[in-house]
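The sequence and structure come first.

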Amino acid sequence: AAAPVTVTVTGAAGQIGYALLFRIASGAMLGPEVPVKLNLLEVPQAVHAAEGTVLELLDCAFELVAGIDVYDNPAHAFDGASLALLVGAKPRGPGMERADLLAANGGIFSVQGRAINDGAADDIKVVVVGNPANTNALITAAHAPDIPASRFTALTRLDHDRAVAQLAARTGTGVSAVRKLAIWGNHSATQYPDISHATVDGRPATELVEQDWIRDEFIPRVAKRGAEVIAVRGGSSAASAANAALEHMRLWVQGTPEGDWTSMAVPSDGSYGVPEGVVSSFPVTTSGGSYKIVPGLEISDFSRSRIDASVTELQEERDGVRALGLI
Ligand code: NDP
């Protein structure tokens, strides 16, 4: 049998953690042949709740689970990890300024970056889910100087999936008919869901929907979907965020299908005028455990202005954490 892969999940006692762990344990992320060792990290006051989740994981008798441990010490939680899903983050509290939020998360992600640097496996792959995800990924990478920055990514697959679902609904097709959608920029309301290169059943999406619909309905709906879920469900999206985090990792490890892309926030290599090092979402293909930003796409003036607006926000966040000495 294959050796178990160590997967570290932070914020394991939270809503997303609860929706994520059982699916990882069932083999939905790494496939039905790959045993997993689960390392759960929580803050001390949530360790007990995480242990409750472990009881339920054990009660599922998942055949692929080679062991489960709960930690409050990041150095232990990331020891030997090949995959890390950083879900736990400090939510914005009442009256909290943006700088306070960045500082609180800076404390969390700098410590985790160092722990990953010192103890994770050589092939470590990291996805940050906790918000502000792109900038938290930047902070984590900055504290792991011995690991290539390219291993530190942030989640925009949920935005991607939301966009696919909206386009499929609008064109009256199934989601499997939609290809080559892209999310650019920040996982925030400034993100740019882009259908310029998308196809639906092989036809250009832009021939099937109106420009007005794209600008006035599709883009804001996708960008504000999180708020819509909160308003309707009475709680923030958890199962869909967990599903997207799992898909992000699954595709990174197993590869994107021929003729399609996914979206990942990754440290820019300067592609498409996004300043080098900024963790911004791009369309990517994955293969053999690495990803590649899709090259050579034509960018319209409309797309350019949307990408630039979101990247400007990311640069402001980067300047903010720099001013706080967090990177
Ligand atoms: P959730 O599990 O619901 O969310 C966790 C994080 O994911 C939040 O930062 C949330 O951002 C973010 N997120 C990103 N994308 C989405 C999305 N599309 N929809 C919803 N959330 C999204 O939070 P809980 O409060 O239930 O749980 C958090 C857990 O993390 C707690 O158990 C806490 O103790 C733990 N924690 C652990 C740390 C550690 O391991 N060191 C550090 C800090 C916290 P947003 O807030 O913007 O919704």
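The questions and answers below cover the domains, the ligand shell, a recorded site and a strand.

Student: What kind of model is this, and from which number are residues counted along each chain?
Tutor: The model is predicted: local features need pLDDT of at least 70, side-chain atom pairs count only at pLDDT 80 or more, and totals for chains, interfaces and linings use all residues. Residues along each chain, as its sequence is written, are numbered from 1.

Student: How many residues does domain 2 bring to the contact with domain 1?
Tutor: The assignment gives domain 1 (5–154) and domain 2 (157–317), with bounds from an automatic or database domain assignment. Their centres, taken over C-alpha atoms, are separated by 23 Å. Two residues are in contact if their C-beta atoms, placed from the backbone, lie within 7 Å. Domain 1 brings 26 residues to the contact, and domain 2 brings 21 residues.

Student: Which helix gives the most to the shell around the ligand?
Tutor: A residue is near a molecule if its C-beta atom, placed from the backbone, lies within 6 Å of it. The ligand is surrounded by 27 residues, the closest being Gly-11, Gly-14, Ile-16, Gly-88 and Ala-89. Helices (H or I, at least four residues) and strands (E, at least two) are DSSP runs, numbered from the N terminus. With three residues, the element that gives the most to this shell is helix H1 (residues 15–26).

Student: Is His-187 buried or exposed?
Tutor: UniProt lists His-187 under "active site" in an unreviewed entry; such annotations may be inferred rather than shown by experiment. His-187 sits in the loop between strand S8 (182–184) and strand S9 (192–194). A residue is buried if 20 or more other C-beta atoms lie within 10 Å of its own, exposed if 12 or fewer, and partly exposed in between, with C-beta atoms placed from the backbone. Because 30 other C-beta atoms lie within 10 Å, His-187 is buried.

Student: Which residues does His-187 contact, leaving aside its neighbours within four places in sequence?
Tutor: The count leaves out neighbours within four places in sequence. The contacts of His-187 are then Ala-133, Asn-134, Ala-154, Leu-155, Thr-156, Asp-159 and Ala-265.
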